Amino acid sequence: VEMDLFQAMYHDQHVSDLHDYWHVMADVYDLVTEYKTALEAFSTQSSAKGTNDRVVPLAHIAHLRTRLSHFFRDSSRLAEAHDMLVAAVAEWKLCPGKQGRAASASLEKGELLLEWGKLVDAEQALKEAIGEVEIASGAGSVEYGRALFLAAEAMRRSKKESEAVAYCARAFQVLDDALEPDVKQSSPLYARCSYTLGVLQELLGKPWEAETCYARSAAVFGRALGLHNPEHCQSQESLA
């Protein structure tokens, strides 16, 4: 029996559910708008010492901006998410002892630009974030490896394979050293870095090196995400 799924979707109960969902989301967006207005007011009053006349720490404002950027990103409102992160990064940098939070927000900003498809801006932001993460977390940290990998991915998408492979190879080495063996073998980040390194090696005419990277990524993707996950299947196809 054939069923018109489009009509079935508009069953009375489904219509009610959809109406309730959008009603709730409208309330959420109204609340976010109020939050943004309040944040701007507090931020305007902030002093160079990190507090304002309402005794609200600047770090709290930066934290709220970061949280709001996550809401906007999850809602696919990338321009607003980006604006929130830009402000959050600037404010985190003014907060004593918050160097790590500033670096993390900078890395989030670069990753957002990459997701958005703004490759030139993403590459620049991620390269800046690499330096900040190195200072905050060290050149042997997982976060530093992730920053290198994201920068490599931005360059790969911009067809800068020769530059990207150096960043990606460095990222893989950092992750390989920083991750514990059991964590490494179930880490999607480790697998993605290995896969991207394989893609770059193949593009640069090094099929044997690429095959090693694909095999490693396929094994880790299988354990981390499951054998039917698209990323595992893609790595398996690259091996064929």
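**View 1. Helix 5 from end to end.** Helix 5 covers residues 99-116, and its 18 residues should span 26 Å at 1.5 Å a residue, which agrees with the 26 Å between its end C-alpha atoms. The expected span is 1.5 Å times one less than the number of residues. Helices here are DSSP runs (H or I, at least four residues), numbered from the N terminus. Please keep in mind that this is a predicted model, where local features need pLDDT of at least 70 and side-chain atom pairs count only at pLDDT 80 or more, while totals for chains, interfaces and linings use all residues. Residues are numbered from 1 along each chain as its sequence is written, and side-chain values use heavy atoms, with hydrogens and water left out. Just after helix 5, look for Gly117, whose phi is positive at about 90°.

**View 2. The buried residues of helix 5.** Among the buried residues of this helix are Ala102, Ala105, Leu107, Gly110 and Leu113. Buried means under 20% relative accessible area, exposed over 50%, and partly exposed in between (1.4 Å probe, protein chains only). What covers the buried residues of helix 5 includes helix 3, helix 4, helix 6 (119-137) and helix 7.

**View 3. Glu108, a buried acidic side chain.** Glu108 lies in helix 5 and counts as buried because its relative accessibility is 14%. Leaving aside residues up to four places away in sequence, Glu108 touches Thr66, Ser69, His70, Arg73 and Leu85; contact means heavy atoms within 4.5 Å. The C-alpha atoms of Glu108 and His70 are separated by 9.6 Å, and the two residues are 38 apart along the chain. Although buried, Glu108 has no salt bridge, and the nearest side chain of opposite charge, Arg73, is 5.0 Å away. A salt bridge needs a side-chain nitrogen of Lys or Arg within 4 Å of a carboxyl oxygen of Asp or Glu. For charge, Lys and Arg count as positive and Asp and Glu as negative, while His and the chain ends are not counted.

**View 4. Ser76 in its loop.** Ser76 is found between helix 3 (58-74) and helix 4 (78-94). Its phi is near 65°, a positive value in a residue other than glycine. Most residues other than glycine have a negative phi. Ser76 counts as exposed because its relative accessibility is 61%.

**View 5. Lys159 in its loop.** Here the loop joins helix 7 (142-157) and helix 8 (161-178). Lys159 also has a positive phi, near 65°, and is exposed, with a relative accessible area of 64%.

Conventions
Helices (H or I, at least four residues) and strands (E, at least two) are DSSP runs, numbered from the N terminus.
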